[in-house]
Amino acid sequence: MSRLLSTVLVTASLLAIAICAMPSAAAPRATLAGDFGPPQGAPIEEKLVDPPNVPAPIHRNYPARVIVRLETREVVKEMADGVRYTFWTFNGTTPGPLIRVRQGDTVELHLKNDPGSHMAHNIDMHAVMGPGGGAAATVTPPGHESVFTFKALRSGTFIYHCATAPVPMHIANGMYGLIVVEPPEGLPKVDHEYYVVQGDFYTSGTYHEPGLQSFDMQKLLAEQPTYVLFNGREGSLTGANALTSKVGDTVRLFVGDGGPNLVSSFHVIGGIFDSVNIEGGTLVNHNVQTTLVPAGGATMVELSTPVPGTLLLVDHSITRAFMQGALGEIKVSGPLQPQLYNKVSSGPVRGAAAPKAVAAVSNVNDAMADGKRVFTQICSACHQGNAMGLPGAFPPLAMSDYLNADPKRAIGIVLNGLSGKITVNSTGYESVMPAQGSSLSDGEIANVLTYVLNNFNNKGGSISAAEVKAVRAGDKSK
């Protein structure tokens, strides 16, 4: 009986081992190089373009040998208006150009190091299955060139970066980019494709301190960046540099996070991601509001643009967006779609008390006191109690050349709000000033503007309630 029981147990154990060893239908089988065969046809020179643009989609049905040429360069460029920095780059841009190949391709990568470089550089491509992702084969002194090949075994969106010691410093200076490995069947067709990589930068000076800034190792070690930027520059994706789309179009974004330290909570304000390739792989999620992109990671997102207007690209660790630079735009053009999005009305709450009476112009002290009240209760939240604003976020009202140049222009701004880039005291600002016309009376707006003009080292002057009323009436007549 015991021998029979032992035989049964052994047989059961062997069966369990055999079952466990069987491939699971839920788990994808590892792809081997032999599945794709050798490269076919003549070698293809990859046509690289500057971000946020990307190479054209691949329409080959066979693996090829793709030649990619990168050059590491140390270049001085602006990271914000009036702020310069020595970027370490691939091909002169941060991020470096997006590389686009097909799964099964053999990539022949040429890495040159500019003779004017001060450092050796190399490349670690997260799409490579081999020592250091290629870093071990590409340590390249200034004035030299290294070449290595690898087979693109896995489809996905992958970071590449410099991995020369000290690795964090090379990455923090802007040495990263993306490589997209398309599956053999290609990617679904979309109307627009763009390329965005976030990075954190550590400068010796404070945020928006002008001049040539040096790298600050102590800030790097403390993981306290001065800037968090899309594509290496504040404003790289806003204003005239904004991404574009049309009503009814689809947009694909290849999004990376070079780091070296911060994780990105990538979000498009006013949009929902139709699909997200989680962490750049083949697992797809749908109807996503915000997706995490780890440092040294990537994702591919697709979204539709059903209504016109400006969508904001942000790191939803939101201080980084509005106070450290991680802000971009997609400007959507086309006809209004009121059935999808429509502002119905704006005005005082029904039954609410009527706005307070306009302060008498003849009573200057009362008007100034009321202006100070409005400033303290509303304006100081953004512009600060001393009216000096917040660097990179909210412009100063103190000693403001913008305000003093045309005080009456401020009436429309307070009434209707303001968005987009403005320059105050030689510094660019790009944030949103909410409209106050529905919450403040003509007299309150006149009083607060008069208060600001006569304080904080501004040049003086006055705004009357009648002037505010005229601007308000003019706006309504449009």
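1. Strand 4 and its partner. Val101 has Val181 in strand 9 as its bridge partner. Strand 4 and strand 9 (residues 176–182) run parallel and are joined by four bridges. Two strands count as paired if DSSP finds at least two bridges between them. Helices (H or I, at least four residues) and strands (E, at least two) are DSSP runs, numbered from the N terminus.

2. Basis of the model. This is a predicted model, in which local features need pLDDT of at least 70 and side-chain atom pairs count only at pLDDT 80 or more, while totals for chains, interfaces and linings use all residues. Residues are numbered from 1 along each chain as its sequence is written, and side-chain values use heavy atoms, with hydrogens and water left out.

3. The sheet around strand 4. Four strands make up an open sheet. Their order is 4-9-8-6, and the pairing is mixed. Strand 4 (99–102) and strand 6 (124–125) are the edge strands, each pairing on one side only. Strands of a sheet pair through backbone hydrogen bonds, either parallel or antiparallel.

4. The chain as a whole. The protein chain has nine helices and 23 strands. Of its 478 residues, 49% count as buried. Buried means under 20% relative accessible area, exposed over 50%, and partly exposed in between (1.4 Å probe, protein chains only). Take the contacts between residues at least 6 apart in sequence: 68% of them join residues at least 24 apart. A contact means heavy atoms within 4.5 Å.

5. Glu193. This residue lies in strand 10 (residues 192–201). Glu193 is buried, with a relative accessible area of 14%. Which residues does Glu193 contact, leaving aside neighbours within four places in sequence? They are Pro52, Val54, Pro55, Pro57, Arg100, Arg252 and Phe254. The C-alpha atoms of Glu193 and Asn53 are separated by 7.3 Å, though the two residues are 140 apart along the chain.

6. Polar partners of Glu193. The Glu193 side chain makes a polar contact with the side chain of Arg100 at 2.7 Å. Another joins the side chains of Glu193 and Arg252 at 2.6 Å. A polar contact is a pair of N or O atoms within 3.5 Å; within protein, one must be able to donate a hydrogen and the other to accept it, and residues adjacent in sequence count only if both atoms are side-chain atoms. Glu193 also belongs to a salt-bridge network with Arg100, Glu182, Arg252 and Glu302.

7. Salt bridges overall. How many salt bridges does a search of the whole structure find? The total is 16. A salt bridge is a side-chain nitrogen of Lys or Arg within 4 Å of a carboxyl oxygen of Asp or Glu. Side chains of opposite charge can pair when their charged atoms come close.

8. Arg65 and Glu108. Their side chains meet in a salt bridge (2.9 Å, N to O). Arg65 is in strand 2 (residues 65–80) and Glu108 in strand 5 (residues 106–113), so the pair ties together parts 43 residues apart in sequence. Arg65 is partly exposed at 29% relative accessibility. Glu108 is buried, with a relative accessible area of 15%.

9. Asp81 and Lys421. These two form a salt bridge, with the closest N and O atoms 2.9 Å apart. Asp81 sits in the loop between strand 2 and strand 3 (83–90), and Lys421 in strand 22 (residues 418–424), so parts 340 residues apart in sequence are tied together. Asp81 is partly exposed, with a relative accessible area of 30%. Lys421 is partly exposed too, at 48% relative accessibility.

10. Helix 8 is mostly covered, with 12 of its 12 residues buried. Glu444 forms a salt bridge with Arg373, the closest N and O atoms being 2.9 Å apart. Glu444 is buried at 9% relative accessibility, whereas Arg373 is partly exposed at 28%.

11. The nonpolar core. The largest one has 49 residues. Leu70, Ile123, Met125 and Ile179 have the most contacts inside it. Such a core is a set of buried Ala, Val, Leu, Ile, Met, Phe, Trp, Tyr and Cys residues joined through side-chain atoms within 4.5 Å. Beyond residues up to four places away in sequence, Ile123 touches residues including Leu70, Phe90, Leu109, Leu111 and Phe148.
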